[in-house]
Every structure is written in C-alpha cells, then in structure tokens.
Amino acid sequence: MAMILKIINRELILQKRRLCFTVELQDKVGQLGELINHIGKLGANIVSVRQEKNWEEKGLDFANVIFQIESQSKSIQ
C-alpha cells in the first residue's frame, strides 16, 4: 500500500497537481485562517498543514507553516 501511495504522490507532483510550500506568518490570531481561506478560494484542497515555531531565527512573533495542497485541475495556479 505504501508503494502505491508513493506512486500516486509522484504522479500528482509531476502533473503539478500537488504542491508543498512553507509560509512564514506572524504568530497572531487569524493569520492562519485567512491564508487557508485564500487557498480554498483558489480551488485547492489542503492535504496537510504543520506549524513550526521559528523562535531561534525570528523570535516569538513568527511561525513557519508548511502546507501540502492538491488540485483537481492540471495545475495549481
């Protein structure tokens, strides 16, 4: 089963239907929700979201958010 998932993920990436990216956000209420709403308006499905504190580099006011998104169309705009 794991091999099939790897093959599917690889094909989605090659077809530019799956994308991974990191965004640095201010660590304040509403920032993540606003970004998620924008992604949804673009027609992408969020597969995973992971927030990592960026304290060593930027202090307590910022966090890195790692997204993996997927689109049903040929490519994500």
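The exercises below, each with a worked solution, concern a predicted model.

**Exercise 1.** Find the order of the strands in the open sheet and state which strands stand at the edges.

Solution. Start with the order: the open sheet has 3 strands, arranged β1-β3-β2, and the pairing is antiparallel. Next, look at the partners: β1 and β2 (45–53) each have a single partner strand, so one side of each is left without a neighbour in the sheet, and these two stand at the edges. From one strand to the next, the twist averages 20 degrees.

**Exercise 2.** Describe how β2 pairs with β3, and find the residue opposite Val-49.

Solution. Strand β3 covers residues 62–70, and its antiparallel pairing with β2 runs over 8 bridges. Opposite Val-49 stands Phe-67 in β3.

**Exercise 3.** Decide whether Arg-18 is buried or exposed, and identify a polar partner of its side chain.

Solution. First place the residue: Arg-18 belongs to strand β1, residues 18–26. Its relative accessibility is 12%. Buried means under 20%, so Arg-18 counts as buried. Finally, the side chains of Arg-18 and Glu-70 make a polar contact at 2.3 Å.

**Exercise 4.** List the residues of the largest nonpolar core and say which element gives the largest share.

Solution. The core has 7 residues: Leu-25, Leu-35, Ile-39, Ala-44, Val-65, Phe-67 and Ile-69. The largest share, 3 residues, is that of β3.

Key. Residues are numbered from 1 along each chain as its sequence is written. This is a predicted model: local features need pLDDT of at least 70, side-chain atom pairs count only at pLDDT 80 or more; totals for chains, interfaces and linings use all residues. Side-chain values use heavy atoms; hydrogens and water are left out. Helices (H or I, at least four residues) and strands (E, at least two) are DSSP runs, numbered from the N terminus. Buried means under 20% relative accessible area, exposed over 50%, partly exposed in between (1.4 Å probe, protein chains only). A polar contact is a pair of N or O atoms within 3.5 Å; within protein, one must be able to donate a hydrogen and the other to accept it, and residues adjacent in sequence count only if both atoms are side-chain atoms. Two strands pair if DSSP finds at least two bridges between them. Axes are lines fitted to C-alpha atoms, for helices over the stretch in contact, and angles run from 0 to 180 degrees between N-to-C directions. A nonpolar core is a set of buried Ala, Val, Leu, Ile, Met, Phe, Trp, Tyr and Cys residues joined through side-chain atoms within 4.5 Å.
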